[in-house]
Amino acid sequence: QQRWSVLELDDVDEVEVYKGAKKLSLYAQRAGTKWEDRTEKPLPSSLRFGERIEAFTHLQILSFLDEMSIQDRTKLQQELDTAPDFAVVLKDRSGIPTRFRVLRKGDRVFGLQTARASGVVELYPKTLEFFGGISR
């Protein structure tokens with residue numbers, strides 16, 4: 001199994017979580033081993049944000065979409081680009097962003113990220129658990 005993220009948790013200094021393509025639901029920045037908001041207030045412990053972001057960086061790819069036609073893959077990629085259910089931006093210590101987009105279609109979950117040239121992948125449905133209680 002291959003991980004979806006090319007980043008390790010230790011490489012991540014900032015996180016932005018979006019509902020859809022544009023509505024920012026959460027911003028977090030690293031403060032040592034803790035996470036805080038833009039005003040440097042600690043995130044609520046009930047979010048378990050450190051655990052969540054670590055789990056996010058270890059999400060597994062269910063499958064590469066080799067069986068899907070190029071036309072269908074292109075259409076799915078356009079949907080992920082313009083109308084994802086969720087988006088996450090992880091910024092490393094240099095401030096370089098890696099963008100992740102997630103789209104649910106029926107009982108399948110698809111993802112696209114900027115650091116992986118292979119394009120759209122199918123993710124496990126548990127991927128959606130990351131967003132529970134974060135995106136409003």
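Visitor: Why is Phe-86 called buried?

Guide: This is a predicted model, and in it Phe-86 has a relative accessible area of 11%. Buried means under 20%, so Phe-86 gets the label.

Visitor: What makes Phe-86 and Phe-131 a stacked pair?

Guide: Their ring centres are 4.1 Å apart, with 10° between the planes. Rings pair if their centres lie within 6.5 Å, and planes under 30 degrees apart count as stacked, so both tests are passed.

Visitor: How do you know whether Phe-131 is buried or exposed?

Guide: Its relative accessible area is 2%. The cut-off for buried is under 20%, so Phe-131 is buried.

Visitor: Why are Phe-56 and Phe-130 called tilted?

Guide: There the angle between the planes is 40°. Stacked needs under 30 degrees and edge-to-face over 60, so this pair counts as tilted. Both Phe-56 and Phe-130 are buried. Ring pairs also link these two with Trp-4, Phe-86, Phe-100 and Phe-131 into a cluster.

Visitor: And what makes Lys-41 exposed?

Guide: Lys-41 has a relative accessible area of 52%. Exposed means over 50%, so Lys-41 qualifies. You'll find Lys-41 in the loop between β3 and α1.

Visitor: How do you know that the charged end of Arg-38 sits over the ring of Tyr-27?

Guide: That end is 3.8 Å from the ring's centre.

Technical notes: Residues are numbered from 1 along each chain as its sequence is written. This is a predicted model: local features need pLDDT of at least 70, side-chain atom pairs count only at pLDDT 80 or more; totals for chains, interfaces and linings use all residues. Side-chain values use heavy atoms; hydrogens and water are left out. Helices (H or I, at least four residues) and strands (E, at least two) are DSSP runs, numbered from the N terminus. Buried means under 20% relative accessible area, exposed over 50%, partly exposed in between (1.4 Å probe, protein chains only). Rings of Phe, Tyr and Trp (its six-membered ring) pair if their centres lie within 6.5 Å; planes under 30 degrees apart count as stacked, over 60 as edge-to-face and the rest as tilted. A charge sits over a ring if NZ of Lys or CZ of Arg is within 6 Å of the ring centre and within 35 degrees of the ring normal.
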